[in-house]
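The sequence and the structure come first.

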Amino acid sequence: MRISNINQLNQIKEKFFSEVHMREVGEMRDSEIINIYVLAVKELNYEAISEFIRKVYGYFEEMKMDKVKVIYKGDENAEAGFDLKISNFGEEFVISKTNVDEVTNELRKIFG
Amino acid sequence: MSYKRLQFLVCKGTGCVASESAEIIDRLNELLKEKNIDDVSVVPTGCFGFCGEGPIVKVQPDNVFYVKVKVSDCEDLINQHVLKGVYVDRLLYVDPVKKEKITNHHDMQFYEKQTRIALQNCGKLNPECIDEYIVEDGYKALHKVLTEMTPEEVVSEIKKSGLRGRGGGGFPTGLKWELTAKEKSDEKYIFCNADEGDPGAFMDRSILEGDPHCIVEAMAIGGYATGANTGIVYIRAEYPLAIQRLQKAVDQARERGLLGKNIFDSGFDFDIHLKLGAGAFVCGEETALIHSVEGSRGEPTSKPPFPSQRGYLGKPTTVNNVETFANIPKIILKGADWFGTMGTEKSKGTKVFALAGKVNNVGLVEVPMGITLREIVYEIGGGIPDGKDFKAVQIGGPSGGVVTELDLDTPIDYENLKAIGAMMGSGGLIVMDEDNDMVQIAKFYLEFTQEESCGKCTPCRVGTKRLLEMLEDLVNLESSPEKVAVMEDLCHTIIDSAACGLGQTAPNPVLSTLKHFKNEYDKYANKEIKKSYSILADKCIGCTRCVRACPVSCISGKVKEVHVIDEDNCIGCGACYGVCKFNAIVKP
């Protein structure tokens with residue numbers, strides 16, 4: 001496709017944004033982003049963890065918040081299915097919940 | 001674009017490819033497929049700069065930096081990092097000073113003091129994907145100049161930024177563009193000098209391999225500013241990966257209409273062609289480079305006329321090097337004032353150095369002008385290995401000079417380096433420790449420049465040959481203090497009379513080492529130096545490793561008996577020293 005104007009450049013940028021954005025978020029310092037550590041118990045299978053993280057990202061996408069980094073850290077001491085340690089620009093929260101709906105409810109309480 | 005939870009960024013720069021990074025990419029993809037993991041992707045990138053630790057695999061958004069990864073490690077990267085959320089401990093980088101494993105890329109001292117402008121996209125984007133470059137505002141600077149700025153405004157912005165040529169000379173880029181722009185001609189050209197020839201330097205190669213679209217865009221901007229419709233990249237044939245990536249970038253840009261006729265419907269036409277060079281060092285000199293592209297011998301000619309007046313095919317031509325171009329799109333987008341916030345009063349922006357030699361962290365580093373060599377060597381470089389003492393750093397490649405402990409705190413810029421007898425050059429930075437023999441170092445560099453002399457002018461062709469012979473006599477203990485004085489005199493004669501930069505700077509390593517390490521020259525001249533290695537009888541166990549390593553068979557001794565070196569025949573190569581496991585070999 002021939003690019004003739006700035007709109008076409010912007011369209012491509014939008015289309016491939018998520019591919020590169022992940023790398024930029026990764027580079028950001030803790031003070032610049034919301035860090036969410038998903039501490040998952042070892043009994044959970046990968047599909048469940050993957051789906052959970054996808055939904056957490058989905059929540060923030062819905063909220064149009066893109067400076068969010070979700071990191072999965074295997075932790076056999078996690079109290080619930082998923083323990084979330086959230087560092088919101090320096091402010092710390094911990095959510096221990098077993099299912100994703102409960103977690104998103106908690107996220108709503110924190111982020112609106 | 002499908003959602004990905006994790007991305008493995010795998011370096012596909014020349015160094016890591018040589019250590020099987022392409023196979024690592026294949027294996028990671030194979031394992032992800034086998035295990036039906038669809039929320040993780042593998043992205044080939046350009047060089048991360050930390051070449052001494054390659055192959056490098058970085059995991060995002062976790063920002064975990066794995067080093068010296070092997071194909072056999074891929075299984076653990078998937079099973080541990082992806083599936084269990086546990087980092088692969090043995091692949092984490094170990095800080096050479098603190099001896100701690102580093103999990104977050106931000107905590108790596110090697111990167112902490114760096115400011116990446118020219119290398120911004122290297123190690124981040126897939127260099128073979130124009131769309132990723134566009135995500136990073138690629139080609140927006142070109143759009144801006146073609147739709148919002150006159151050529152004069154572009155030149156003025158570059159002049160205002162204070163950008164100077166990164167190839168070695170440090171000539172103001174904006175002024176260079178202005179000189180070509182002012183010439184009246186039916187045809188003009190803009191050249192990218194990718195004939196990087198300094199021993200140990202690979203900044204330009206890395207940029208071309210890791211961010212080729214940036215150079216394509218910058219050349220088009222330069223073409224618009226100077227009135228050129230044709231760009232030529234002169235690149236050495238021994239950079240096959242850089243050539244391949246750049247050609248692909250040119251093809252992709254043509255396909256999207258970002259090169260060719262009527263770019264962005266502005267009426268501006270511009271295209272780029274690659275010309276492969278045979279790797280002659282002298283072709284880094286702009287007039288020699290132009291002659292080589294014309295099909296003539298790569299020999300310099302006197303200036304004036306300057307290439308901006310009469311260059312390629314007798315037409316006005318601008319020649320800029322790769323790193324210089326790499327700064328252009330950022331200056332256009334962020335502004336000259338932004339660029340001016342980095343650096344010193346007369347040297348703005350950053351400089352990429354190839355940090356090598358006796359230093360813990362080896363690789364490409366991009367630092368703001370004004371940083372000190374001490375910060376580069378001890379903080380970014382992590383200091384000298386094995387607790388040895390720092391001796392000097394050779395800066396500026398074979399045309400440069402040595403900087404000693406005395407000047408380590410000098411802020412680096414073009415003027416300051418010149419004042420202490422060195423030069424910026426293209427950015428080779430080789431650290432030497434207490435074990436390095438500075439006379440041998442000078443000889444090494446002179447061998448290089450002598451070999452690379454094009455032979456056109458007598459002072460360089462014959463002068464460097466005689467100078468090298470004098471150095472060889474010196475290290476063979478066949479010289480004298482008087483001859484060293486003659487040697488020094490010859491250096492000045494070559495500098496004063498050689499026709500081009502290669503000859504005029506060839507004696508620099510000799511003069512510089514003579515200035516700072518005269519005592520080492522005196523030892524050779526007075527024959528106080530012992531040339532041969534020797535063996536400590538109480539430490540030698542007679543393993544015979546040294547016997548087998550010696551290239552001139554001057555070590556004798558039976559198995560399990562103390563060995564002896566024939567000092568008359570020892571050539572001092574150090575092969576025995578390198579293989580002895582018992583510290584039984586003593587250096588001269």
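Two strands pair if DSSP finds at least two bridges between them. The model discussed here is predicted.

In chain B, strand S14 (residues 390–395) and strand S15 (residues 401–404) pair in the antiparallel sense over 4 bridges. Ala392(B) has Thr404(B) in S15(B) as its bridge partner. The hairpin of S14(B) and S15(B) has 5 residues between the strands, and Gly396(B) takes a positive phi near 95° there.

Chain B also has an open sheet of 5 strands, in the order S9-S10-S8-S7-S11, with mixed pairing. Strand S9 (260–263) and strand S11 (317–321) of chain B stand at the edges with a single partner strand each, so one side of each is left without a neighbour in the sheet. From one strand to the next, the twist averages 25°. Strand S8 (residues 230–236) and strand S10 (residues 268–277) of chain B run parallel and are joined by 7 bridges. Arg236(B) stands opposite Gly277(B) in S10(B).

Two helices of chain B pack on this sheet:

| Helix | Strands touched | Angle between directions |
|---|---|---|
| H10(B), residues 212–226 | S7, S8, S9, S10 and S11 of chain B | about 145° with S7(B) |
| H11(B), residues 240–255 | S8, S9 and S10 of chain B | about 165° with S10(B) |

How many residues does each chain bring to the contact? Chain A gives 31 residues and chain B gives 31 residues. On the side of chain A that touches chain B, helix H1 (6–27), helix H2 (46–62) and strand S2 (68–74) of chain A each supply at least two residues. H1(A) gives the most, with 15 residues. By class, that side of chain A has 15 nonpolar, 6 polar and 10 charged residues.

Note on methods. Residues numbered from 1 in each chain as written. Chains lettered and ligands numbered in written order. Predicted model: local features only at pLDDT ≥ 70, side-chain atom pairs only at ≥ 80, totals over all residues. Contact = placed C-beta atoms within 7 Å. Nonpolar A, V, L, I, M, F, W, Y, C, P; charged D, E, K, R; others polar. Axes fitted to C-alpha atoms, helices over the stretch in contact; angles between N-to-C directions.
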